[in-house]
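Visitor: Please take a close look at the cavities of this structure, and at what lines them.

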Amino acid sequence: MTKHADSSITVRRRRVFYIPGYDPIHPRRYRELYRKEGAAQAGISGYELDLIGRQGTATYGWQVLGRMDGYETEAEFDVLVWSDIVRSSMERNIPQTYLMMLRTAWTYISTGTLRRLMWLRKGPVIAALYPVVALILQFILAVVVGLILGGLVQWAFGGVSPLLGHLLGWVATLGVVAALLIWFRKIDNKLFIYYLMHDYSYSAATKGANPPELEARMAEFGDQIARALETDVDEVLVIGHSSGAHIGVSILSDLLVQGRVPASGPQLNFLTLGQVVPMVSFLPKAGRLRRDLNRLSQQDQIAWVDVTAPGDGCAFALCDPVTVSGAAPDKGKRWPLVFSAAFTQTLSPKRWAQLRWRFFRLHFQYLCAFDQPRDYDYFRITAGPLTLRDRYRNRAPSKSRIDVSASKYTSLVP
């Protein structure tokens, strides 16, 4: 079956390749999220969605059967598994984490990247500063409490022997400081301080270049996508969420350069959600990413849609990732189509009130159900009868998008 980019088709079979962000948890969480939220959206929107687990394959994924608008669509999901790489990058003790914090802060400040990021959106910059400030406050609090308790110990034993009191006081101080810092880390599943610190430091450590272990995993995933493009499915849809957006940009750029996107065959489309591309593309050694952004923005073999929302404080909402990174061509820019998921309109006032201060949860809202859905529906996109290109063929970009160059570093040389 031959399918051209300019012809509308009805999708009977779809392959979906999902790229998660910096997440240490196994991708089964995304399968269960899809199951739960897909059922909720189906109930709200009046369609049917059945998820089927997949067994016995070398890759991780699941299958979905969607019945929407009088059509039945089969979708098979594959997930880029890099949670093991993330976990490995997070295996640092407390002193190493504080040293990493200093290095990361120095990288973003000394290169001028932090100042330029603040020109775009305050939310993700505040999210980036949060772990730095929180770690400093935790250390100060631990020291203050330690000095107070150590002083009491010194006073209690000083009458017996000033030297003994002084020695025990310092032992108590250091013990309290260590105990409090260890306790703070144990409760990080509620605070996300260490998690976010490791997240931002992962790219900052290489100043925007991809670590070799990630490049190897990206090449393997690219091979999976290329093989899917040789099958008789109607659409191959690549989805990148959060940090997964810039990973997807480079994977697809590589496929284009390698000539592995056939002119006839399944439509290949790209959806980025809650992207944080500038956190990487603004760094001095992110030339590969800026080159890939430039390449993907000009071609027309792959339709690229970028969805964010101002209500998501962790994303660079409505910031055109190509233009703000200084990677836009002088002329001929086609992609991405940038528009808002408009959380304040697509979520009811009651639901919005429940979620508006749950910043991390809102960063995943793109993958969840909306109780007042408009033209963005993750489950229609992934299991419905329209390709991404056809679904948004006549969609205008958001007027409030930011599409001016803001990066100090604009070289496209890796």
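Guide: A residue is counted as lining a cavity when it has an atom within 4 Å of one of the grid points that make up that cavity. With that criterion, the second largest cavity of this predicted model is lined by Tyr18, Tyr30, Leu33, Tyr34, Trp62, Leu367 and Tyr378. By class, this lining comprises seven nonpolar residues, with no polar and no charged ones. Helix H1, which spans residues 28-45, gives the most to the lining, with three residues. The volume of the second largest cavity is about 60 Å³.

The structure holds three cavities of 30 Å³ or more. The largest cavity has a volume of about 360 Å³, and 30 residues line it. Of these, Tyr22, Asp199, Ser242, Ser243 and Val276 lie nearest the centre of the cavity. The lining of the largest cavity divides into 18 nonpolar, ten polar and two charged residues. Helix H8 (193-204) and helix H11 (278-281) each supply at least two residues of this lining. The largest share, six residues, comes from H8.

As to confidence, the mean pLDDT of the protein is 92, and 97% of its residues reach 70 or more. Over residues 1-6, however, pLDDT stays under 50; for this stretch the model has 19 contacts beyond four places in sequence. Where pLDDT is low, the predicted coordinates should not be read in detail.

Conventions
Residues are numbered from 1 along each chain as its sequence is written. This is a predicted model: local features need pLDDT of at least 70, side-chain atom pairs count only at pLDDT 80 or more; totals for chains, interfaces and linings use all residues. Side-chain values use heavy atoms; hydrogens and water are left out. pLDDT is the predictor's confidence in each residue, from 0 to 100. Contact means heavy atoms within 4.5 Å. On a 1 Å grid over the protein atoms alone, a cavity is a set of points where a 1.4 Å probe fits but cannot get out, and a pocket is an open set with protein on both sides within 12 Å along at least five of seven lines; lining residues have an atom within 4 Å of a point. Grid points are joined across faces, edges and corners, and a volume is the space filled by probe spheres set on the points. Helices (H or I, at least four residues) and strands (E, at least two) are DSSP runs, numbered from the N terminus. Ala, Val, Leu, Ile, Met, Phe, Trp, Tyr, Cys and Pro count as nonpolar, Asp, Glu, Lys and Arg as charged, and the others, Gly among them, as polar.
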